[in-house]
Structures are given as C-alpha cells and as structure tokens.
Amino acid sequence: MRTTTPSQDFVRGIWRENPVLIQMLGLCPALAVTNTVKNALAMSAATIFVLTCSSVLISSVKKLIPKEVRISAYILVIATFVTLADMMLQAYAPVQHKELGAFIALIVVNCMILGRQEAFSSRNTVYRSLLDAIGTGIGFTIALVMMGGFREILGIGTFFEIPLFGPNFEPWVVFVLPAGGFLTLGFIILAMGYHAERKKAREAATA
Amino acid sequence: MTDRPENEGLDVQTIDPAAPPPPAAGEIPVDKPVSTFRLVATLAVAGAVAGLLIVLVNLHTKPIIDAYRAEQLKLAVYEVLPGATRYRTLYLVDGALAAELPAGAKASDYRQAYVGYDDAGQRVGVAASRGESGFQDVILVIYGFEPDSGVLLGMKVLESKETPGLGDKIFKDQDFVGQFFARPQTPLITVKAGAGKGLPGEIDAITGATISSKAVVGIINHGLAEWQPVLAQGIPEEAP
C-alpha cells in the first residue's frame, strides 16, 4: 500500500512539511546567509543542485548500500557533489563562483539534504526521489527568501537591492547580523504557530 | 509489487486520515547480518570512485582556474596602480629583488612584486599580494603603494570567503574600498566608522565587519613592512 502519490511527494516539501519552517532542518544556511534576498536565492540554487543530484544518485544505488554504513555513504555522495559543483563553477562560471563561493562549502553541513536521503531517497524510486528533492528544494527556497526579504528590508532598507525607503531610513543593523537571523526565524515560526492555533480553534468552533 | 511488504519492519499506521501522511515506507532492508568486509568494501569503493571523480574533474578544471586567476591578477595590478599602463614582475630571491629567477626555479615558489610604469616610462608604484586570516578563511589582497613615500595607491581583494552580506563588504562596499584609493599614508589605522581623528592613515571599519576590515588593513601594513626594506635596497633596472 502506497501512502502517497507522486504529486504528494512533490507538494509535501513545499509548505506542509517545509524543511526549514516545519522540520527545522537546514537551519545553518537558513540562518547564516539569509541577510539579503539575493544571497538567499544563490544559496537555494546551489542547494537544489546538490539535493537533486544526491537524491537521484542515492535512490538509484540504494540497494547496493548496506544500511550499517548508509549515513557515511550519503555524506560521501553529498560531499563529492559539493566539491565537483565548486570546481566546475570556479572553472566555467568564475563570476558566479565569486558570488556563490562562500555558500558552496556550507552545503555539506546542510542536514536537510542528508535528511531527505535518509527519510526518502533511500526507500523510494528515482522518479519519486527526484520529485521529492525538487519539492523540498522549493520549500527551502521559500523559507530562505522569506527570511532574506524580512532581514534585508529591516536591516538594510532594500529589497533585492532596490532601496525602499528614503535616504533618512536608519537601517536596523541587527537584522543583518547573526542575531537577526535567529530573531527572524523565531518571528516567522511564531506567526506560523499562531496561525495554526487559530485555524485549529476555528475548526473546533465550527465542529 | 515488490516481493515483500513495503512497510516490513516498520510500524507505519495511519491513525487520523486528516493527519499528514506518514513517511512513505519503502524497502528498508530487514535486519540480517552483513559481513564487515562488505561494509568496508562498500565504503572503500564509494570513496575510491568519489576520489577518482574529484581528481579527474580537478585535472580538467585546474588549468582553466589558474589561467583565469593569472588574468585576474593582471587586471588587479592595473587596478591598484592607477595610471600604470604596463608592469613587470620581480621576484624576491634571497632577500633581494631580481628580475630573473634562478635557473630551474618555479615562479610560484617566490614572493612577487609588480612594478608599474606609466606611458612616459615613469614608475607609478609597486604592487604585491598577501594573504592572511580573516573572519572565515584566508583573505587574499593585492595592494599598490609608492615605495619611497609609503603612500597607498589602491587595494583589491582577490579572494575571500567572508560572510556574505557583512564581511564581503570589504570588496563590495565602495565607500570602504574607496578609502584605500584616497592615497592614505601607511601604516594604516582602523577606526570605528565616524570616530576618526583625521589622521592621515585612518580607515573607517565596516559596521558589523570589524574583524574583516581589520584583517585587510593588517594585511597591507604587514605587507608594506615586509616589502619596504627590500625595495629600499633599490629596484633592479629594466634590461634595455
């Protein structure tokens, strides 16, 4: 008995099981590099690449990996993709590499990628793993861009490098500092929790 | 259908139909002893394949990356020596500058200084690069200066992994970078933005990136301290 359909595999990671906001995975990049929207998008693009490649590879060789050493094998696969992506970008897209350079090494420690391999790709077909990886990647992007937008608007006074306020705007520098990342994540999760509570209360009232 | 139940070995039950679907139960292998040899062999093979892939890609990409770096260095020399139209590379051999390397030596093993000249053949200044630890990783900076007066002509960050949005302002923030082109007197002093006393070598640090700012200033100061005594011995004339 299958419990999910392929379309559910795809949609699930986007919002209902959003990797950052619900599962609380991949918080390291979500906190570290979301001080502007551009950084958030760059990090997301690099992460989606590694997540998709790793998911496809691991789901296709899952039967060959004994489960005792699966975590080491997953890390090996992820780290290899990260290194390859780093070198290829540096050689063929040096300008983009300069922008993305600092993010790429951070992808290895993104436990969201490892989490998807362990929870999904190691048990599902290549096709479903691909859908899951893309869906999760989109969810990751949404979360990061939300955080990046919030922090950039308050901390720098711009959105996607477009100034929003007049020259007299005094940026709230704490929001681009690491502490602002924690504050922002806290506020977003608070808002989501509040919304979920209200929804539950409404449903209870109508029932 | 697979030949064994897909949720074998897992307690997967859907209690509430409205609840999010439980993680898809797949072909989790049942507990059966796997030989240590198989475990070691799997990882060894995976490691070897990964290593091989990295080596192959590296062999292929390294020449491209090196050529690009050399090109960037060339552009950077002209950037930090405003007015220079050509430059020559000198090597630090046994504590003195030499235009030629000892026979059979590799250029990358020696510290290099780039002497820039303008159209009239006048010396504009000397550029050199230096790397030191920043906030994250080594920051590689190239700087140009007038060896006699100790005035800084320019600075460019060649490589850095400083925090995006904060530390990376050492090369993205034109107000910060511009200070190094305003002919400050060395040694440079880092001051908190706006708290300067108007001394000739003051550099306003970037708010939120004091360590990165100080690292850049430190690199330039240490670099000049290293090169000025060498340059004071005289710069070898060009071969006619």
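## Helix H6 of chain A and its surroundings

The buried residues of H6(A) pack against helix H3 (37-61), H4 and H7 of chain A. Helix H6 (residues 111-121) of chain A has as its buried residues Met112(A), Ile113(A), Leu114(A), Arg116(A), Gln117(A), Phe120(A) and Ser121(A). A residue is called buried if 20 or more other C-beta atoms lie within 10 Å of its own, exposed if 12 or fewer, and partly exposed in between, with C-beta atoms placed from the backbone. Helices (H or I, at least four residues) and strands (E, at least two) are DSSP runs, numbered from the N terminus.

The model is predicted: local features need pLDDT of at least 70 and side-chain atom pairs count only at pLDDT 80 or more, while totals for chains, interfaces and linings use all residues. Residues are numbered from 1 along each chain as its sequence is written, and chains are lettered from A and ligands numbered from 1 in the order in which they are written.

## Helices H7 and H8 of chain A

Helix H7 (residues 126-155) and helix H8 (residues 178-206) of chain A have axes that come within 10 Å and cross at roughly 120°. That angle makes H7(A) oblique to H8(A). Axes are lines fitted to C-alpha atoms, for helices over the stretch in contact, and angles run from 0 to 180 degrees between N-to-C directions. Angles under 35 degrees count as roughly parallel, over 145 as roughly antiparallel, 65 to 115 as roughly perpendicular and the rest as oblique.

From H7(A), the residues Met146(A), Met147(A), Phe150(A), Arg151(A) and Gly155(A) meet Gly180(A), Thr184(A), Leu185(A) and Ile188(A) in H8(A). Two residues are in contact if their C-beta atoms, placed from the backbone, lie within 7 Å.

## A buried loop residue

Val20(A) is found in the loop between helix H1 (6-12) and helix H2 (27-32) of chain A. Val20(A) is buried because 26 other C-beta atoms lie within 10 Å. When neighbours within four places in sequence are left aside, Val20(A) is in contact with Leu25(A), Gly26(A), Leu27(A), Ala30(A), Phe140(A) and Ala143(A). Val20(A) and Ala205(A) stand 185 residues apart in sequence and 30 Å apart in space, C-alpha to C-alpha.

## The contact between the chains

Chain A contributes 33 residues to the contact, and chain B contributes 33 residues. Helix H4 (70-92) and helix H5 (94-104) of chain A each supply at least two residues of the side of chain A that touches chain B. H4(A) provides the largest share of that side, 10 residues.

## The fold and sheet of chain B

Chain B contains 4 helices and 8 strands, and along the sequence these follow the pattern α-β-β-β-β-β-β-α-α-β-β-α. Of the 240 residues in chain B, 28% are buried. Among contacts in chain B with a separation of 6 or more, 53% join residues 24 or more positions apart.

An open sheet of 6 strands in chain B has the order E2-E1-E3-E4-E5-E6, with antiparallel pairing. Its edge strands, E2 (96-98) and E6 (152-159) of chain B, each pair on one side only. Two strands pair if DSSP finds at least two bridges between them. On average, neighbouring strands of this sheet are turned by 30° against each other, direction ignored. Helix H1 (residues 36-80) of chain B packs on the sheet, where it touches E1, E3, strand E4 (123-133), strand E5 (138-145) and E6 of chain B; the direction of this helix makes about 155° with that of E6(B).

## Strand pairing in detail

Strand E1 (residues 86-93) and strand E3 (residues 112-117) of chain B pair in the antiparallel sense over 6 bridges. Tyr87(B) stands opposite Gly116(B) in E3(B), and Arg88(B) has Val115(B) of E3(B) as its bridge partner. Val115(B) in turn has Val126(B) as its bridge partner in E4(B).

E3(B) and E4(B) pair in the antiparallel sense over 5 bridges. Their hairpin has 5 residues between the strands, and Gly121(B) there takes a positive phi near 85°.

## Nonpolar cores

The largest nonpolar core has 45 residues, and those with the most contacts inside it are Val80(B), Ala127(B), Val141(B), Tyr143(B), Val216(B) and Ile220(B). Helix H4 (residues 210-232) of chain B gives the most to this core, with 7 residues. A nonpolar core is a set of buried Ala, Val, Leu, Ile, Met, Phe, Trp, Tyr and Cys residues joined through C-beta atoms within 7 Å. Apart from this core lies another, of 34 residues, among them Ile65(A), Val77(A), Val82(A) and Ile113(A).
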